[in-house]
Amino acid sequence: MLLDVRDLQVEFRTRDGVAKAVNGVNYSVDAGETLAVLGESGSGKSVTAQAVMGILDMPPGRITGGEVLFQGRDLLKLKEEERRRIRGAEMAMIFQDALSSLNPVLSVGDQLGEMFVVHRGMSRKDARTRAIELMDRVRIPAAKARVKDYPHQFSGGMRQRIMIAMALALEPALIIADEPTTALDVTVQAQVMDLLAELQREYNMGLILITHDLGVVADVADKIAVMYAGRIVESAPVHDIYKAPAHPYTRGLLDSIPRLDQKGQELYAIKGLPPNLMHIPPGCAFNPRCPMAQDVCRTDEPPLYEVDQVRGSACHFWRECLNG
Amino acid sequence: MVEPILEVSGLVKHYPLTQGVLFKKQVGAVKAVDGVDFALNRGETLGIVGESGCGKSTVAKMLVNLERPTQGLIKYKGEDIGKLSAKALKSVRRNIQMVFQDPYTSLNPRMTVGDIIGEPYEIHPEVAPKGDRRKKVQELLDVVGLNPEYINRYPHQFSGGQRQRIGIARGLALRPEVIVADEPVSALDVSVQAQVINLMASLQSDFELSYVFIAHDLSIVRHISDRVGVMYLGRIVEIGRDREIYDHPTHPYTQALLSAVPVPDPEAREHRERIILAGDVPSPTNIPSGCRFRTRCWKARERCALEVPLLAVPAEFRMTSGPAAHDSACHFAEEKTVVPPEGEGNGPG
């Protein structure tokens, strides 16, 4: 197992109280595998990733429990200097908004080359050559001429390619992509996702794709973890989950998206709003919005029941849900 | 035929690019909208889709008179709104209202919800006399599914979906006939999007509204629209009824756009054909000659660089009455099914 996250817990201390952002998350990724982490805003999907990468703002954030096993080592027990050596070299991250993640006053060549200078101790000149190679690799036209350009001189899609190049620079074993195509137009989104999938195959990397888009997930993922209020409510291979969801929240999400190939009368809408993380409802966090909720859901928090060997659902009534 | 409620012809908006400080001279123009025609019928929803920078939001702003067109006509019930007196224009503006994209920046954080929704009555006092306004605002809150007792709260006390409901209530306050909605759900989470779309659909039948619904999400546009126009670099390249556009597209850009949309069905990924366009959208300051899509089109030939294709039913489909016979601005239009036909996918629901 490349990455194994076990019972991770993260909270934020704020003036108004403690927000429990991540409440016992378990997931794992193998080399060459794509895990999609699906969730709406506030579900804890990005915070989990930040804790794995070691870039969580602490304070106000605090990791209160769990393990992050990367190639067998628990990253949470390492010193900051050791983590820094792993970050970038062995695991890398691609962010949603390339324009604000790139440094506006450094040329893209300098930013790409910095990876080699800092981690590999290369000279500036060699680093520049490598930067051009990388830009070629992610198919930026005229890489040699554009290596001196600044981020604002590139289009959104090209900037996201530079982010991908930067993440790939040191050939990491794991890439975490946090909404990598959300800010892009559909035609460009397809180009970028294709490139990412191709490079992943080539380098046999593990990929964690964090997204809210059920369409993107269906296109690229091997398995899915659906998050709600800081917990994984369903985890399953991608084909199973779309065929028959085993959690009412997953079912609600799938039913509530309009589809290109179908024109419905009225969309199913999950009633209500996601919970405030400072006041997560007792029992199952989804119970106030759930059409199947019974008394037990308001008192007992459901564990991740084993649906089959590769599938889990945190719903007391997963059998009923699975059967529609 | 019944007269359309809103009719747009030859609409153009160019923003001049100038050089020099004291003696400004025009060196070019951003051609945001470059010749758009469409008609909106009473009670119908016209969806306009396109990628960022295609001019769809500029069209929206011109429809509600927030921007003045450089050229072209906007007719409301047959009258050119560019030629109306100030007084007549005011009553037209009352009837065409807008719902904005970002519910976080389009509501004044220092005003209560009651003041925000009631503000249109300050400008058009004839709609609701002073003593009556509070009651009217509470009715509107109820209509959009918010608790009428929230009237004294401030925007920050609401979630994104609730804020968008406030924006919709404000748009409804003057009982308009047309609502122009510019990306009304794109800032919202999936589960909340569905709630707002359902609300807009039910308000349409309750209040007999006509919608111009602008969005980049093709699935949402299909869901809500009767007719759909596809924009590229300031022009409509294809327009027709929703089935015609989604199931029988004839313009290569529409086909590429549709094929790029991820479909939430992993079974579909193996046998779906994807057209991946090369490159980026050209700059609107420097629009390609002839067909503006030719730089990214896999079918482009010499003719495409020389001749601007007109938005009309392509000659080869003119004799047929099938779903491919709709307006498409391409010299080499041909039908191509890119979205798997309905019912073939085995998704849930």
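Helices in this description are DSSP runs of at least four residues classed as H or I, numbered from the N terminus. In the predicted model examined here, one such element, helix H4 of chain B, spans residues 133-143, and just after H4(B) the residue B:Gly145 adopts a positive phi of about 85°.

Within H4(B), the buried residues are B:Val137, B:Leu140 and B:Leu141. When the helix is viewed down its axis, these buried residues fall within an arc of 100°, and they therefore line one face of H4(B). The other side of H4(B) carries B:Lys135, B:Glu139 and B:Asp142, which are exposed.

For B:Val212, when neighbours within four places in sequence are left aside, the residues in contact are B:Leu40, B:Leu46, B:Ile48, B:Ala60, B:Leu63 and B:Val180.

Between the two chains, 45 residues of chain A are in contact with 43 residues of chain B. On the side of chain A that touches chain B, at least two residues each are supplied by helix H8 (186-203), helix H9 (214-220), helix H10 (238-243) and helix H11 (248-256) of chain A, and the largest share, 7 residues, comes from H8(A). Sorted by class, this side of chain A has 20 nonpolar, 13 polar and 12 charged residues.

Note on methods. Residues are numbered from 1 along each chain as its sequence is written. Chains are lettered from A and ligands numbered from 1 in the order in which they are written. This is a predicted model: local features need pLDDT of at least 70, side-chain atom pairs count only at pLDDT 80 or more; totals for chains, interfaces and linings use all residues. Two residues are in contact if their C-beta atoms, placed from the backbone, lie within 7 Å. Ala, Val, Leu, Ile, Met, Phe, Trp, Tyr, Cys and Pro count as nonpolar, Asp, Glu, Lys and Arg as charged, and the others, Gly among them, as polar. A residue is buried if 20 or more other C-beta atoms lie within 10 Å of its own, exposed if 12 or fewer, and partly exposed in between; C-beta atoms are placed from the backbone. The arc is that of the directions from the helix axis to the C-beta atoms.
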